[in-house]
Amino acid sequence: MLAAMDGIIFDIQRFSTHDGDGIRTIVFFKGCPLRCTWCENPESQATKPELLFDPRHCINCSSCLQPEASGLMHRDAAGRIAIVRPVPATGSANARISHAAMEATAGLCPSLAIRVAGRKMSAGEIIAEVMKDEIFFRNSGGGVTFSGGEPLLQSGVLLELVRSFTGLGLDCAMETCLAIGPGTIEPFLDFSLTWLVDLKHTDARVFREGTGGNLSMVMDNMERLADSGAKMVFRVPVIPGFNDNDQAMGGILAYAAMLASMAQSQQGFAGRQHGAAVVKPHLDLLPYHDLAAGKYAALGRPYPYARGLSVSRAFLEYHAKAGAELGLEIGIGG
Ligand code: SF4
């Protein structure tokens, strides 16, 4: 059973130089309310732990077919090692037992072809893991970034982490799609966080088609953040067939500029966030790539895009220039 101060985490990545200032440790929370067709972390979407199998690393030793593997792996009709899908309940439908069986199965594999995405960690365990790199944070102006999945879906443990890390004087950043219920962000507004917010589209119908989500909920949260004077960095995935057109990109840039202007105009914004300096609002254009295709295969899911798709550099540079003319500092590639 998950205690209030436990989280389901699918990765803790050290020494990142993206997703915030300086050297950072990224804590990836499992579970997301959206189903973006281009998602780079498909193993983050479901809340429960999942088994992944990468046949490229399999040496065909059959260890995972032993009884200790609880029947989670088998040879398919072609004689190849594969995950049994759907993953069978092991003894009971109890998720904890299934998780233990997944871990046991992964532990049998000598070549790390099998792994489990997602494990329960207490707030204390997460803090201890992150603080191993404290010296790098202090020397580089870095800190910890909460990502996912959607970290705000696990707001209880997340708030405890934010409270603890800010209490330790560590810089905290929150990478979020903001597709979360009203009021969820309120307790986090008491802290000086950098909000790395996804800005995917401004047309509700297209947004729903591409992500399965409700744009008005996202926009309500964005406007609440801006109204609070929060430091926001906009992250715009540029996706073929979704928003790689002038109309979509024009709407996104104009909306980001409006939010940035709202945030900057709030009394106390500069003083509370960055001493006397007003920080130029930043927006990253993140061009589509297909590096996650192998993860979809490992989860037994089809990859939804044709291989080799890309967004042209000229398109990105054109809209970077347009964003700069609106007063935004634009990065390409994040
Ligand atoms: S234990 Fe690992 S390497 Fe051996 S057959 Fe199973 S997946 Fe392949």
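**Entry: Glu 103.** I started with Glu 103 and found it in helix α1, which covers residues 95–108. One caution before I go on: this is a predicted model.

**Entry: His 282.** Next I went to His 282, which sits in strand β12. I counted 19 other C-beta atoms within 10 Å of His 282. What does His 282 touch, if I skip residues up to four places away in sequence? I noted Val 233, Glu 329 and Gly 331. I looked up Gly 323 as well: from His 282 to Gly 323 there are 41 positions in sequence, with 9.7 Å between the C-alpha atoms.

**Entry: the strands around β12.** I stayed with β12, which spans residues 282–287, and looked for its partners. Strand β11 (residues 231–238) pairs with β12 in the parallel sense, and six bridges link them. Phe 234 stands opposite Leu 283 of β12. Strand β13 (residues 329–332) also pairs with β12 in the parallel sense, here over four bridges. For Asp 284 I found Gly 331 of β13 as the bridge partner.

**Entry: strand β3.** Then I turned to β3, residues 50–53. In general, side chains of a regular strand alternate between the two faces of the sheet. I found both faces of β3 covered: Glu 50 and Leu 52 are buried on one side, Leu 51 and Phe 53 on the other. Which way does β3 run against strand β6 (residues 114–117), parallel or antiparallel? I have them down as antiparallel, joined by four bridges. Phe 53 has Ile 114 in β6 as its bridge partner.

**Entry: the ligand.** I asked how many residues surround the ligand. I get 14, and the closest are Cys 58, Cys 61, Ser 63, Cys 64 and Cys 109. By class, the shell has 10 nonpolar residues, four polar ones and no charged ones.

**Entry: two domains.** I noted that the protein chain is split into domain 1 (6–46 + 121–332) and domain 2 (50–117). The centres of domain 1 and domain 2 are 33 Å apart, taken over C-alpha atoms. Where they meet, seven residues of domain 1 are in contact with seven of domain 2. The side of domain 1 that touches domain 2 has four nonpolar, two polar and one charged residues.

**Entry: the chain as a whole.** Last, I stepped back. The protein chain has 10 helices and 13 strands. Its radius of gyration is 21 Å, close to the 20 Å that the globule rule gives for 334 residues, so I wrote it down as being as compact as a globular protein of that length. The C-alpha atoms fill a box of roughly 65 × 45 × 35 Å along the principal axes. I have 38% of the 334 residues as buried. Of the contacts with a separation of 6 or more, 73% come from residues 24 or more positions apart.

Technical notes. Residues are numbered from 1 along each chain as its sequence is written. This is a predicted model: local features need pLDDT of at least 70, side-chain atom pairs count only at pLDDT 80 or more; totals for chains, interfaces and linings use all residues. A residue is near a molecule or strand if its C-beta atom, placed from the backbone, lies within 6 Å of it. Ala, Val, Leu, Ile, Met, Phe, Trp, Tyr, Cys and Pro count as nonpolar, Asp, Glu, Lys and Arg as charged, and the others, Gly among them, as polar. Domain bounds come from an automatic or database domain assignment. Two residues are in contact if their C-beta atoms, placed from the backbone, lie within 7 Å. A residue is buried if 20 or more other C-beta atoms lie within 10 Å of its own, exposed if 12 or fewer, and partly exposed in between; C-beta atoms are placed from the backbone. Helices (H or I, at least four residues) and strands (E, at least two) are DSSP runs, numbered from the N terminus. Two strands pair if DSSP finds at least two bridges between them. The radius of gyration is taken over C-alpha atoms; the globule rule is 2.2 Å times the number of residues to the power 0.38.
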